[in-house]
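These are my notes from one sitting with a structure file.

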Amino acid sequence: MDIVGSYKPLLAISVSLIAALFIFFSGEKSRNLREVWTILAAVIKFTIVASMVHDVIDGKILEYTLASIEPGLSIQFRVDAFGLMFALIASFLWIITSFYSIGYMRTLNENAQTRYFVCFAIALSAAMGVAFSSNMFTTFLFYEIITICTYPLVAHKETPEAMQGARKYLAYLLGTSVGFQLIAMIITYSISGTTDFSSNGIFTELRSQVSNTFLTIVFFLYMAGVAKAAIMPFHAWLPAAMVAPTPVSALLHAVAVVKAGVFVALRIVLYVFGIDILSELGLGMVLTCFASFTILAASIIALRQNNLKARLAYSTVSQLSYIILGASLLSPSAITGSILHIALHAFGKITLFFTAGAIYVATHKTNISELNGIGKQMPFTMTAFTLGALSMIGIPPMGGFLSKWYIILGSIEADLIPVIILLAGSALLNAAYFLPIVYAAFFNEPQDHHNNKGGKGNINEAPALMVVPLLLTAMGTLVLFFTPSTFLHLAIKVATLVTGN
Amino acid sequence: MIRRFKNVVIETVCRLMTPFLQLFGLYVIAHGHYSPGGGFQGGCILGSSFILMAISYDIDFAKKYMSEIKATVYACLGVIIYGGIGMVCLLIGANYLDYGILHTILPVDLARARAMGILGIEIGVGITVMAVMVSIYLNLVSGGRHVEEKVE
Amino acid sequence: MIVLEHAAILVVVIPLLVSFFNVIIGLWKKNLCYPMTVLTLGFCLILTVNIIVSVIEIGTFSYRLGGWTPPWGIEYVIDHLNAYIAIIVSFISFIFAIYSRKSIEKEISSEKIPYFYTLYLLLAAGLLGITLTGDLFNIFVFLEITSLSAYALIAIGDENAPLASFNYLIMGTIGACFYLLGVGYLYISTGSLNIADLAGLLPGLYHSKTIIAAFGFFIVGIAVKIAFFPFHIWLPDAYTHAPSAVSAFVASTMTKVGAYVMIRIMYTVFEPRFSTDILPITAILGWIAAAAIIFGSILALAQKDIKRILSYIIIAEVGYIVMGVSIANKSGFTGAVLHIMNDALMMACLFSVAGAIIYRTGSRDIYTFGGLGRKMPFTMAALFVSAVSIAGLPPTAGFFSKWYLLLGTIYEKKWIFAGSLIFSSLVNAVIFFRILEIVYFKKHPQTGLIKEVPMSMLIPILITAGGILITGFYSGDIISSIIRFAVPREF
Amino acid sequence: MIWMLDFLILVIVLICAISAIMAKDLLSSAMLLGTFSFLVCMLWALMGAVDVALIEAVVGAGISTALFIGTIYQTSRKAYRQKVGIKIFPLIAVVLTGCAFIYGTIDMPDWGDPESPASVHVSPRYIEKTVEETATPNAVTSVLADYRSYDTFGETVVIFTAGIVCIVLLRRSDDKKV
Amino acid sequence: MDFIITKYHYWFYVSLMMVGLYAMIVKKNFVKKLVGMNIFQTSIILFFVSSATKIHATIPIIQETEGIINPAHYMNPLPHVLMLTAIVVMVSSFGVALALLIMIYKKYKTLDEDEILDIMRNKQ
């Protein structure tokens, strides 16, 4: 574990900020140029991030200090396995998403596209910042930036309900983070004099000074503070945020934003408190209960949704709780599984959202009840949808299976047999709310008024700019099952680091 | 203007008093070193002499001697004298308003130089106070009108 | 170099002298006044910069006026705290001297413009004088210069301005009188007016009833001057009806300088232990400050006139500063002093944006701002930045000072105070995101011909906005190089 | 000094003040204020503050009364809707403030005590050194214009400001806007 | 008794202050407010000046041309100076206030707070 100074983290973050400037000044008039900037930024960002993988797997830790406010309080970036993992996924999927959103935006020719792309770029930099930040202070900084700069994206349609959703979004995220997370962080700082993440927890060495109840309170403040992780009862913003354009829901509300929330939650669990304290105080168990409840409840609610994106949103809520669950089991394999799940769920869910968007663009349908026979109309899309759904359910040979497998292993290590049952049940529920869509899409006869464009059975796909990306991600879910080595390495690295064996 | 009333007694008395008032004002300014008085008192007395004019005759009469513009300029002039003396001290090389240094340019010893400085700023203060008092009064009673007209 | 060695006094005297000349020149050529004012204040800015540089190099230094040794003469004492305040004041005044040109041309009649700039310079010089002086009575004199010019500048606003200004005058006079009484009580029982001298004399007398009363008078007087709850009644009207440039300048400096005087008296003239132990004023102040914060935020939420919203927010912000001061520990004090700067910047930015909107649309009602986001993109970007900052969200400056304030309250285990801070930042977030929503996402019919404000107004807005963005990251340096030395030793 | 006279004047001053507050007619209250200032100026003369007495005689009793009357003629002479009743809550507040004042005075040095700190700490130097340092027998003048001349500068600026303010606020113009 | 003899001045000043303050706070008529302001400030000035008095001392104008000067023989000049300043400040703010009053009167044709409030209410 040797720490080397490096500009790469800063570059990885700032590249899309700079891109945002270019995009802003290119403006609506030269839209091609604008989107070239987006793609360029995405690619560069990914290459920078990827270039760090090798070092990190060798056990190096890249570090860069932006500003030091006080001893123990600084804006500092540190690239470790866990952060890199998240950054890798986000930056990779951004490339795909930017193509997709270009297609989406142009086909529907939405308003204020410049604002859209600018905010998107900034959101990505902020996500990188969260991934790379080396202490709670910096994390909070970028966490808030994500919130603020995704608000315009959610309100993008500028319709009353979009506003409503955006207000809800902002209220939940800002309220919790300022109201709970900030306080918890300041308490941490005022006790320990630092907010730097350490692999065995900040509180471990001054365990003697702080009382259990106090630690418990702080822990719950933290957990309530990361509403982005959408643990119940702080989940309501996510369905509300589905008014956003689909690419936003795809990247941000399946990958960047929510994963940032989960990521921070894991950081808190593993690096601020450390599994020793949590297991000692039995807080892990409490978290497990919350997570399990969320998984089941969200799945059941998802069953009753007719709007496709809403159903996906609730499925996201439940899937996020898998990650929390895995971490809360506090056993090596479970942690590995949850970290893997960040990646695998990302691929699966983004595919699903892409397909939802594609369907909307091609046929302007948003409700599941209207999807009968759509499989014949847009076969590629629906195939991708199927793959994504299977990955969600966690059937081999799909990526989703791996992470669940590890989590199950972990629950055996932590000998919590109920968790296995829970996982099995939720898998069934997932199947119950995904497979009917697939079935209806391929085997039901379409109602007449559907095939508005051309006759029955005509291929009526969304533009290629959208279909190709979603096929790619769908392939991703498959590929990750067979060659998960990179992610697996990283995840295992983290797990061994925090559990110490 | 308040109310225009012709009254020989008042006009004559004021006409007689005004020069003495002003003389006394100058005396109070100049003699501030040795007797009660100084810039403020003298300035106020000078100002009140003009105000007396304005009351006894009317504003135009007072404005013949001290028009608004003139008053404004005098007001600036006084403070400029004050600040200027300070700056002179500073430029010669002492601290701001340190009149002692003036003995290098005046043919007097240090204490006298200070007295000189005091006299200078008293004059400045006097001018400003007089001008400002007059200008405030003129502005107040004329409601700021340049040209005089009946109120009621 | 004569200028540098006399910088401390020149900072105050040069604006005064120029203001005198301004009147005469104004009678001759009106157009010269604006450039003269701007140049003078720019010069002051340079002077304050090298004042603070020399303070950082050689530490506290003093300047004897008239060459008399204190306590017989008046002296200027420049330490880290007031050099810091001075640079804020001169910077803001310079910015708004540039800003004022267009808006003033629109708001007051042309032949009064020279007098406007005269008063403007007098106000700036008065504030700097209050900041730099080391003599209690001298503070009073310059306080009066400041107040008189402020009354006038406010009174030349819209048609309700004179009334507001008159109420301000009454309250302000009460405040000044209380301050003067405090000085008198101190003088009667010590016989000195010089701050350093008093700081030496007072500890022996801490239990004298006269001293305690004097301290009370000081606090009340200053509280009136800085519109500290419950003496805030004059502020909203005054700041709402004043001309835009004036309310921007006054709002972002006067309360801060008042807060500085409060800090001076609580922690320099008196030792901290006086206000914490002997007369537990800090506890009371803290609670009132919490009340002020909540009260100000809620009332701001209830308004729909943008300048009124900002005025009530100022009341809350004053509460922040007083709370930080009254927490009386290191981080609280640091937060307060840091927040003086950040709040000055934020208020400057917000009020200048408000002025820009009024300049273009002529309306102060936030519900008529629809669609401005497209028409005036840069101004609205500045509004966005300052809104984020005033809601205390990273990465803007407001977050860092709020961080320190919260840290201070939590060190003292004052959960209610922390709660009030959090509450107000959430309320501010609501207020401003409501405005931003209107600005960006609502359409408005009559915004057809509205365009971006002229450069002379836009540049100050952007500078302040940039300041808000940047200073946050340099708070560390500011604290380690300046504020650290301003914190009383006892903390 | 004769403390009987002193006392008498103080009483009359108080009466003047109250009646100036109570008067229905603003003009009469202005006149009462003038009387008040004049009596106060006598009081100062009794206390040996001749300079202050002089300026109070000129400013307080003279000019400010003139300004006052001028303003009253510009505006209205009647105090409309003069409430006779006394408001309780402000009265309590004022009385509390007064109690604070009095509380402060308890520990004060006696009135006219030559040994009071004010008389022994800073001021003696002015009296001793004024002649030899500034060649000005009138200590008030020397302190005003030399030892603390910067205060006086500020004060002159205050006056100047007041003048400018009155011009800005009142001077009419041919312009439409005022 | 002695206490009273030595302190009664202060109490007179205090009562003056209270009168002035009461007028400033309570009186609805702006001119009356100004009267109160004037009284308040004057009482403070009285307060200061009285701190300069020394029994058996004379006005602070030095008679001795040579020899040692005993400060106890002369009043304390410093408060006089301060109060000169304060008086001038007072009259300045007084003038400003009067100017404001005239402006207010031009607009509302009255100087009574209640009536002005009525006018404003009627306008909306």
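A polar contact is a pair of N or O atoms within 3.5 Å; within protein, one atom must be able to donate a hydrogen and the other to accept it, and residues adjacent in sequence count only if both atoms are side-chain atoms. With that rule I looked across the interface of chain C and chain D and found eleven residue pairs in polar contact, both residues at pLDDT 80 or more. The pLDDT is the predictor's confidence in each residue, from 0 to 100.

Ground rules, before going on. This is a predicted model, in which local features need pLDDT of at least 70 and side-chain atom pairs count only at pLDDT 80 or more, while totals for chains, interfaces and linings use all residues. Residues are numbered from 1 along each chain as its sequence is written, chains are lettered from A and ligands numbered from 1 in the order in which they are written, and side-chain values use heavy atoms, with hydrogens and water left out.

**Entry 1: chain C against chain D**

I looked up which elements of chain C face chain D. Helices here are DSSP runs (H or I, at least four residues), as are strands (E, at least two), numbered from the N terminus. Those that give two or more residues to this side include α2 (7-28), α6 (136-155) and α9 (209-225) of chain C. The most comes from α6(C), with ten residues. By kind, the side of chain C that touches chain D has 34 nonpolar, 14 polar and eight charged residues. Ala, Val, Leu, Ile, Met, Phe, Trp, Tyr, Cys and Pro count as nonpolar, Asp, Glu, Lys and Arg as charged, and the others, Gly among them, as polar.

I then noted the contact (heavy atoms within 4.5 Å): 56 residues come from chain C and 40 residues from chain D. About 4,100 Å² is buried between chain C and chain D, and carbon and sulfur atoms give 70% of this. Buried area is the accessible area (1.4 Å probe) that two parts lose on being put together, summed over both.

How many salt bridges are there between chain C and chain D? The count is one. A salt bridge is a side-chain nitrogen of Lys or Arg within 4 Å of a carboxyl oxygen of Asp or Glu. Here C:Asp135 pairs with D:Arg148, at 2.8 Å from N to O.

**Entry 2: salt bridges inside chains**

A:Asp80 sits in the loop between β3 (73-79) and α3 (81-107) of chain A, and A:Arg267 in helix α9 (residues 246-273) of chain A, 187 residues apart. Both A:Asp80 and A:Arg267 are buried; buried means under 20% relative accessible area, exposed over 50%, partly exposed in between (1.4 Å probe, protein chains only).

In chain C, C:Asp79 and C:Arg264 form a salt bridge, with the closest N and O atoms 2.9 Å apart. C:Asp79 lies in the loop between β2 (75-78) and α4 of chain C and C:Arg264 in helix α11 (residues 244-269), so the pair ties together parts 185 residues apart in sequence. C:Asp79 is buried at 16% relative accessible area, and C:Arg264 is buried at 8%.

**Entry 3: confidence**

For chain D the mean pLDDT is 83, and 90% of its residues reach 70 or more. Residues 174-178 of chain D fall below 50. Where pLDDT is low, the predicted coordinates should not be read in detail.
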